[in-house]
Amino acid sequence: MSAREACAPRVLALVLGALAGAPAFAAHPDLTGIWQAISTADYDLEPHSARKDAPPGAGVIDGDHIPYRPEALQKKAENFAARDKLDPRLSCFTLGVPRDNYYPEPFQILQRPRDLTLIYEFGNSVRTIHTNGTLHPVGDNPEFWLGDSRGHWEGKTLVVDVTDFTDKTWLDRAGDYHSDALHIVERWTPIDHDHLAYHAWIEDPKVYTRPWTIDVILYRLKDKNIQLIENYCYTLDFDQYYPLPAEDFPHAQ
Amino acid sequence: MLNDASHAGRARAAALVALLASACLVRGAVAAAPIFTVAEGPWTGPRLADGQPDIAGVWTNDIANHNNFTDPQGGIPGDPSKGLNVANGAGKGPKKPRSERAPSRVSDPADGEVPFQPWARARQQELLANFFNPTKPEYVEPGARCAPAGVPKSFYWHGYEIRQYPGIVLFLFNGGIRTIYLDGRPHLPANIKLWNADSRGHWEGNTLVVDVANNNAKARFARTGEFASENVHIVERYTFAADHYTYNAVFTDPTVFTRPFTVTIPAHRITEATPQDEWNNEQEWANRPGQPPLYENYERMCVENNHGHGNVVATASAAH
């Protein structure tokens, strides 16, 4: 993380705290709620014109483009060409971090002092961001689909260090990808009660020439009685066989 | 998620200790094995800020696993394997006479049997008879395809974590989750059917009462093939003490059963004193040097890792 990455939100927090007449922020913000991105980030993080399979978008990357290493750019191109077959989303696999946060389906944040629980409706994937001072696991080099998340608060910003990734997830539908060396630092900052600024600093020396960042706004879903609706997408492939063929239920015919 | 073979010989003694240490022993309907029962009453333990009894933590079933619904320690009838015991004495086959094994998970009616209508009983027997050699897609127990275990099987599958928030009780199972809303909101529209159903709860003293609707009934109750239809309505009562709870759930489904029946599942808390066993206690040690040991929950994936869980038969051709 650059000095700018590390310090800017902290300075911002102090300034805002001073403006509010408060001694910085006494309590952590409460991120509890059901959130969803509206941007086209999941279609393509980079700027793109309209395609048959994607609405246009101005991109969410600082500097517009992912700084792929030359050989990695070739693989990205191959992924893009075969995106209608290779996107892990099509297998209903857990989308991973950061993609789960801007995929166009809601997710729920539940918050306690020791952790935040993020439930992504797509696949009902459960992610825990530990905020109890614990460190990344050591020893057995685990590889997680959602990474291992350890967070702390800097003013009103939740800063999350995410490591121990599998290399099997994509970053978007356009085939943007990473390796198991992926390392992400997320910054979750409330803008107001109903908007969250999501910032991710992304490094992967096997795939990118330098770290890069994305910024996405998350919106609180406020529909009456809003709740996540279970979406175990992968079960749809065998849904027809259960509970039993309909003809087996004599009273249901 | 691991299949049973990897758990062979890892049955842990804690559940038995819990049984022996229990202060309130009752006799099961069929068998002589004692069950720890928590009586409904006031809650005297700690509370959360919103007044809920604080029951957050990791919990697990006391007895056996998902092999057999009405004879939990009886193994799966017809099991051709010669494996050793797996979790909590749920052997590949019965190791003791029925009178010495744990009682049925059905506590009412008194005979411990699911009150199936004749056609449904015949279908359950057919599913059981074809469990080890599934020649039709519907013979494959859906858990072998990474499907959520549903209600009630999630409670005698692996251990699970309960997290609590104002107005919400959240269950994190090895496969799947349940979010129980306590704010009085209505159920989802009736035509939305879910593997883990739709849950609305409230607290009565030490008892969390949950109304369960919108069940797609695709999950089976056990490997022995018991099932309901998507018309099933379930009322659960989770009665908590500090380190134990008793689950009683009344299942009503006139489509499949001749009368309502009650499922009873005793459970206990996993603590940092509980050994890891990759079944009941799948917690991992948090990395925090210089501080007391602390368990935490790793992410659980199944379909992503390209193998089923609890899959004791070769189902590849049928499953795909």
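**A cross-link in chain B, and what to look at next**

Modeller: Gladly! Start with B:Cys146 and B:Cys302, which are joined by a disulfide with 2.0 Å from sulfur to sulfur. Keep in mind that this is a predicted model. If you look along the S-S bond, the angle is -65°, and the link of B:Cys146 and B:Cys302 is left-handed. Now trace the chain to each end of it: B:Cys146 sits in the loop between α2 (118-129) and β5 (160-165) of chain B, while B:Cys302 sits in the loop between β14 (295-296) and α3 (316-319), so the link connects distant parts of the chain, 156 residues apart. Are these two cysteines buried or exposed? B:Cys146 has a relative accessibility of 6%, so it counts as buried. B:Cys302 is buried too, with a relative accessible area of 6%.

A search of the whole structure gives 2 disulfides over all chains. In chain A, A:Cys92 and A:Cys233 form one, with their sulfur atoms 1.9 Å apart. This link is left-handed, with -45° about the S-S bond. A:Cys92 belongs to the loop between α3 (83-86) and β2 (107-111), and A:Cys233 to the segment after β9 (212-220), so the pair ties together parts of chain A that are 141 residues apart in sequence. Both A:Cys92 and A:Cys233 are buried.

Chain A contains 3 helices and 9 strands, and along the sequence they run α-β-α-α-β-β-β-β-β-β-β-β. Of its 253 residues, 56% are buried.

Helix α2 of chain A (residues 70-81) has 12 residues, which at 1.5 Å a residue should span 16 Å; its end C-alpha atoms are 17 Å apart, which agrees. Which residues of α2(A) are buried? They are A:Ala72, A:Lys76 and A:Asn79. Looking down the axis of α2(A), you find its buried residues within an arc of 60°, so they line one face of the helix. Here is the general idea: an α-helix has 3.6 residues a turn, so residues three or four places apart point the same way. The buried residues of α2(A) pack against α3 of chain A, and the face turned away from that buried side carries the exposed residues A:Pro70 and A:Ala81.

A:Trp188 and A:Tyr198 make an edge-to-face pair, 4.7 Å centre to centre with 70° between the planes. A:Trp188 is in strand β7 of chain A and A:Tyr198 in strand β8 (residues 195-203), 10 residues apart. Both A:Trp188 and A:Tyr198 are buried. Back in chain B, B:Phe69 and B:Tyr156 form a tilted pair, with 6.3 Å between centres and 35° between the planes. Here B:Phe69 is in the loop between β3 (57-61) and β4 (106-108) and B:Tyr156 in the loop between α2 and β5 of chain B, 87 residues apart. B:Phe69 is buried, with a relative accessible area of 0%, and B:Tyr156 counts as buried at 0% relative accessibility. Chain B also holds an aromatic cluster, whose members include B:Trp59, B:Phe155 and B:Tyr160.

Key: Residues are numbered from 1 along each chain as its sequence is written. Chains are lettered from A and ligands numbered from 1 in the order in which they are written. This is a predicted model: local features need pLDDT of at least 70, side-chain atom pairs count only at pLDDT 80 or more; totals for chains, interfaces and linings use all residues. Side-chain values use heavy atoms; hydrogens and water are left out. Helices (H or I, at least four residues) and strands (E, at least two) are DSSP runs, numbered from the N terminus. Buried means under 20% relative accessible area, exposed over 50%, partly exposed in between (1.4 Å probe, protein chains only). A disulfide is a pair of cysteine sulfur atoms within 2.5 Å. The expected span of a helix is 1.5 Å times one less than its number of residues. The arc is that of the directions from the helix axis to the C-beta atoms. Contact means heavy atoms within 4.5 Å. Rings of Phe, Tyr and Trp (its six-membered ring) pair if their centres lie within 6.5 Å; planes under 30 degrees apart count as stacked, over 60 as edge-to-face and the rest as tilted.
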